[in-house]
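Try each task before reading its solution.

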Amino acid sequence: MMSSSNAPLFPTTIAGSLPKPSWLAEPNKLWAAWRLQGEELASAKDDATLLAIKLQEDAGIDIVGDGEQSRQHFVHGFLEAVDGIDFARRVEMGIRNDRYKAMCPTVTGPLRLRARVHAREARLARAHTTRKLKFTLPGPMTIVDTIADAHYGDRVKLAMAFAALLNEEARGLAADGVDVIQFDEPAFNVYMDAAATWGIEALHRAIEGVNCTTAVHICYGYGIPANIEWKATLGGEWRQYEKFFPALAQSRIDQVSVECIHSHVPMSVLSLLDGKDVLVGAIDVATDKVETPQDVAAVLKEAAKHVPAQRIVAATNCGMAPMRREIAALKLEALARGAALARQHKD
């Protein structure tokens, strides 16, 4: 666990992705095509990773990440290194319980990692920051919900197969010096009953023998139209978290990352995560309006009524990949200043 009595209150971190520079990929969109190829692309990804770290450090972020600069998408960036998947055989399918459609590759045989997936960017990031380093991987349930299956014939078997591969990569990342490995599971908010059972079991398989802090990120998705429209149907109180937080509290995962600001989640549900560090989303990624430090501090103050302050990490609601870079930078600064403000008032 990262929490300690000597650590400053409300350390800050990002959920995962940051916008890519326009020379690397088309800006302001998900699934943006790369501008380069071959070794030029690999070098450009390195440069973008270093820029992402510098951006976070300059903003005052305590636990930095690679900004997912080397991945076109948070799920498919992992899948590209997996044998048994046919990317030429794409199927249009409804994902997140048919909230929106995506062209998904197909599992056609036994799954196997060809090699380490993220060693290059993880080692580069570790070599260029002295701050705590967080790295993100897609969670097994979310992968299963973002791919077609023509081999395993069972979502649980498929999830466990992916969990074994994620475990290989997670062990490698821990050996590379990564301090926190976070598994992104937006599907937990869609398939709540399954999340409380085989969803958590698959996470346990993914973290088996992993010698660093582990986290799971649960949210209502990127700030894209399909997600914003879905959120508008959820009513004045969003209580999805209640259905699986008790199971998460009993799990072996160390930290839970939760969308909080502007999410209509009753903060009282955070008390169901007793014993866990809680990454409190205090930056809204679905709007270009930049939060004030006071906005951020207010979210943290409310969360601290239900979670011990020493267990709270200030974070963004979700990834910032589709956002304008200058807006993302300002939001990171607001996050750091807001956490500092909350810290002052708590001391």
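A residue counts as buried when its relative accessible area is under 20%, and as exposed when that area is over 50%. Keep in mind that the model is predicted.

**Exercise 1.** Work out what share of the residues in the protein chain is buried.

*Solution.* Start from the chain length, 347 residues. Apply the burial cut-off of under 20% to each one. Buried residues come to 59% of the chain.

**Exercise 2.** Decide whether the radius of gyration of the protein chain agrees or disagrees with that of a compact globule.

*Solution.* First, take the expectation: for 347 residues, a compact globule would have a radius of gyration near 20 Å. Next, take the value for this chain, 19 Å. The two agree. For the overall dimensions, the C-alpha trace spans about 55 × 45 × 40 Å along its principal axes.

**Exercise 3.** Find how many helices and strands the protein chain has, and what part of its contacts joins residues at least 24 apart.

*Solution.* The secondary structure gives 10 helices and 10 strands. Now consider contacts between residues at least 6 apart in sequence: 76% of them join residues at least 24 apart.

**Exercise 4.** Locate aspartate 274 and classify it as buried or exposed.

*Solution.* Look between strand E8 (255-259) and strand E9 (277-281): aspartate 274 sits in the loop there. Its relative accessible area is 63%. The cut-off for exposed is over 50%, so aspartate 274 is exposed.

Key
Residues are numbered from 1 along each chain as its sequence is written. This is a predicted model: local features need pLDDT of at least 70, side-chain atom pairs count only at pLDDT 80 or more; totals for chains, interfaces and linings use all residues. Side-chain values use heavy atoms; hydrogens and water are left out. Helices (H or I, at least four residues) and strands (E, at least two) are DSSP runs, numbered from the N terminus. The radius of gyration is taken over C-alpha atoms; the globule rule is 2.2 Å times the number of residues to the power 0.38. Buried means under 20% relative accessible area, exposed over 50%, partly exposed in between (1.4 Å probe, protein chains only). Contact means heavy atoms within 4.5 Å.
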